[in-house]
Amino acid sequence: MLKNELDVSLSKAETLKEKPDQDNLGFGQYFTDHMFVMKWSREQGWHDAEIRPYEDFHIAPAAMVFHYGQAIFEGLKAYRGKDGAILLFRPEDNLKRLNNSAVRMCMPRIPVSKVLQAMKGLVYLDRDWIPEGEGAALYIRPTMVATEGALGLRPSSEYLFFIIKSPVGAYYAEGFSPTRIYVEDKYVRAVPGGVGEAKTAGNYAASVKALTEAQQKGYTQVLWLDALEHKYVEEVGTSNIFFVINDELITPPLGGTILAGITRDSVLQLARDWGIAVDERRITIDEVIAAAEDGTLTEAFGAGTAAVISPVGEFGYQGKTIMINNGKTGALSQRLFDGIQALQRGMMQDEHNWLVRVA
Ligand SMILES: *Cc1c(COP(=O)(O)O)cnc(C)c1O
């Protein structure tokens, strides 16, 4: 076994699936021919690493993930670059973040560089699934769940780690459409000392009610406020939030209740590269509204892997509607969106060594 490689066995699918219509991929609807799987047990550590056909798992009904929720995941994309290059964007950061989530959830850490090697092999094997269309990509979902079949609350002694992949279409097929965001003042996402910083399944389960109620009112997503005072802005749905006030780019700091987004970090870095003033600080919803009303708030947007940049057209808060930039996409939002997309596809100088080439 080479130092940087897991001993990964390969069993290829006998028949390959028919590829979906490239113009109607949506998000997370189709899955490729192969997946990566490995197991962990207290006695053996990580073992039985393999790339094999995408298929159902055989898991005990008593598996601890179903009862106590030890489940963590990641999300990143493989892009088609110039000259057919296959590119991953900051994949090590995703795998390191998975390990941070693992520590918080009492789950085993994965060997980052070895899993990255396996991920590259997996993406290469299913390379015909990487969509060509502008803005389209192959979404990669590394996941870990507790599989010991036993009841009684404690950390599981067995885990399954897997990587599945789904071709996804451009998030904004017809150009940006700024979103309507509901400022959530009843439900909360994360409390200090809780698991808000971990990409763990329970956080999403806990957020679905707020999301559905906001959608019933005609909004796309919710803007979360802090759990203690319902005052400080935290995140928007499953993206980090940014504001442009007096030409300064402002985002809440990472303080344990917010997900440390890789897009967030890329946005901050690019803005600094471009000479834009950046501030990571706590910001109240009252400050946001006041700045929108006196015209100093010129842009608001979410940042995350799925949409890259998602401009906010309006906030709804306690019965009031707060328009942002007349509901239109701001200049910096557009520049960041174009810049990050170009970077991810190898069309811009990769000054921070963010790209990992699969082939
Ligand atoms: C995944 C996620 C983000 C965005 O992280 P990226 O690494 O940029 O995709 C932000 N907030 C939450 C709650 C998330 O789950």
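These are my notebook entries on a predicted model of one protein chain.

**Overall build**

I began with the secondary structure. The protein chain has 7 helices and 18 strands. I then looked up the radius of gyration, which is 21 Å, close to the 21 Å from the globule rule for 359 residues, so the chain is as compact as a globular protein of that length. For the extents, I took the C-alpha trace along its principal axes and got about 60 × 55 × 35 Å.

**Surface and charge**

I looked up burial for the 359 residues, and 53% count as buried. The accessible surface is about 16600 Å². Carbon and sulfur atoms make up 48% of that surface. I also compared the charges. There are 37 positive and 46 negative ones, and their mean positions lie 3 Å apart.

**The cores**

Which residues touch the most other members of the largest nonpolar core? I found Phe 36, Met 38, Ile 110, Met 119, Met 144 and Phe 161, in a core of 46 residues. Helix H3, residues 112-125, supplies the largest share of this core, with 7 residues. In soluble globular proteins, nonpolar side chains tend to be buried together.

I went back to Phe 36 for its contacts, leaving out neighbours within four places in sequence. Its partners include Leu 6, Val 8, Ala 49 and Ile 51. Ala 118, Leu 122, Phe 161, Phe 162 and Ile 163 are also among them. Glu 50 is on the list too.

**Val 65**

Is Val 65 buried or exposed? Its relative accessibility is 16%, and buried means under 20%, so Val 65 counts as buried. I placed Val 65 in helix H1, residues 64-68. Beyond residues up to four places away in sequence, Val 65 touches Gln 70, Ala 71, Val 145 and Ala 146. I also checked the distance to Asp 247, which is 182 residues away along the chain. The C-alpha atoms of Val 65 and Asp 247 are separated by 46 Å.

**Thr 15**

Where does Thr 15 lie? I found Thr 15 in the loop between strand E1 (9-10) and strand E2 (34-41). The relative accessible area of Thr 15 is 65%, and exposed means over 50%, so Thr 15 is exposed. Last, I looked up Thr 15 against Ala 359. They are 344 residues apart in sequence, and 24 Å apart in space from C-alpha to C-alpha.

Notes. Residues numbered from 1 in each chain as written. Predicted model: local features only at pLDDT ≥ 70, side-chain atom pairs only at ≥ 80, totals over all residues. Heavy atoms only, no water. Helix = DSSP H or I, 4+ residues; strand = E, 2+ residues; numbered from the N terminus. Rg over C-alpha atoms; globule rule 2.2 N^0.38 Å. Buried < 20%, exposed > 50% of the residue type's maximum accessible area, 1.4 Å probe, protein only. Areas by Shrake-Rupley, 256 points an atom, 1.4 Å probe, with all protein chains shown as cover. Lys, Arg positive; Asp, Glu negative; His and termini not counted. Charge placed at Lys NZ, Arg CZ, Asp CG, Glu CD. Core = buried A, V, L, I, M, F, W, Y, C linked by side-chain atoms within 4.5 Å. Contact = heavy atoms within 4.5 Å.
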